[in-house]
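Please read the following briefing beside the sequence and the coordinates. The points are grouped by topic.

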Amino acid sequence: MADEKIKKVSIICSKGSLEGIYPALIMANGARMEGIAVNLFFTFFGMDAITKKKVKKIKVATVGNPAMGIPTLIGALPGMSAMATMMMQKKMDALDIPAIDEFIEMISGAGGKLYACKASVDMFGLKKEDFMDEVLDIITVGDFYELAAGGQIIFT
Amino acid sequence: MATKEIAGKTVNVTEEGYLTDPAQWTREVAQAIAAEEGITLTDAHWKVIDFLKKDFAEAGVLASMRRINKTGGIATKDLYDLFPDGPLKKAARIAGLPKPTSCV
């Protein structure tokens, strides 16, 4: 007999690089496509994915990222990160993977619930208006655990 | 491969109930599959199904959620309202198309 189906996932997005954000968004969207309820909680630099002023400026990390195959000193050259980001975005677009802001709209449209982390919001001095309209609320970690109750938690 | 009796026809299906021969698809078969999913097809459903079939015929692959939105002009939210709990899978199955293989 098949294992019991996952009914709810709560995904934490904590990183602000392109390769840090996409896995959380793909997992969230993929869950909704399977009829799984989704909470998406953005914390620390992961909040860039939902911050109006930042969302279009998210880049791939070309420094300190050995898997990229670019030596750190070359990765640090001006424009390297922008170039790597552009190349990656082109590939993703061809695969019908949306840009981050469009992805956020899509997940929200799909019924995924998006939240920003209170501690990070206070630390970065942000306000609800700084976030995209799809963000439902700024919540504490305690609120997050309450929302996540009875489901699975994924940290990215 | 399995066969299945549906809407008075015998059709070839995969283990998960996706038709394997598009020629066996009829609107009645679609309605019967939809009924299995608890969905009564309305004009709005047919708009999605017709788009998926037309796009599949042209592109050779099942449209992604984004493509249904951008090219098909159907809002993501509407898609989830029409085919709850797994819109692309359900819509593809009703349209007699293969199971989605993409992650988005």
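Strand β1 (residues 2–6) of chain B runs antiparallel to strand β2 (residues 9–13) of chain B, and five bridges join them; strands here are DSSP runs of E with at least two residues, helices are runs of H or I with at least four, both numbered from the N terminus, and two strands pair if DSSP finds at least two bridges between them. This is a predicted model, in which local features need pLDDT of at least 70 and side-chain atom pairs count only at pLDDT 80 or more, while totals for chains, interfaces and linings use all residues. Residues are numbered from 1 along each chain as its sequence is written, and chains are lettered from A and ligands numbered from 1 in the order in which they are written.

**The hairpin of chain B**
- Within the pairing, B:E5 stands opposite B:T10 in β2(B).
- Two residues lie between the strands of this hairpin of β1(B) and β2(B), in which B:A7 takes a positive phi near 50°.

**Helix α2 of chain B**
- Helix α2 (residues 43–59) of chain B has 17 residues, which at 1.5 Å a residue should span 24 Å, and this agrees with its end C-alpha atoms, which are 24 Å apart; the expected span is 1.5 Å times one less than the number of residues.
- Just after α2(B), B:G60 takes a positive phi of about 80°.

**The contact between the chains**
- Chain A gives 13 residues to the contact and chain B gives 15 residues, where two residues are in contact if their C-beta atoms, placed from the backbone, lie within 7 Å.
- On the side of chain A that touches chain B, α1 (18–33) and α4 (100–109) of chain A each supply at least two residues, and α1(A) gives the most, with four residues.

**A:G109**
- A:G109 lies in helix α4 of chain A and touches B:A75, B:T76 and B:K77, not counting residues up to four places away in sequence.
- A:G109 counts as partly exposed because it has 18 C-beta neighbours inside 10 Å.

Conventions: Buried ≥ 20, exposed ≤ 12 C-beta atoms within 10 Å, placed from the backbone.
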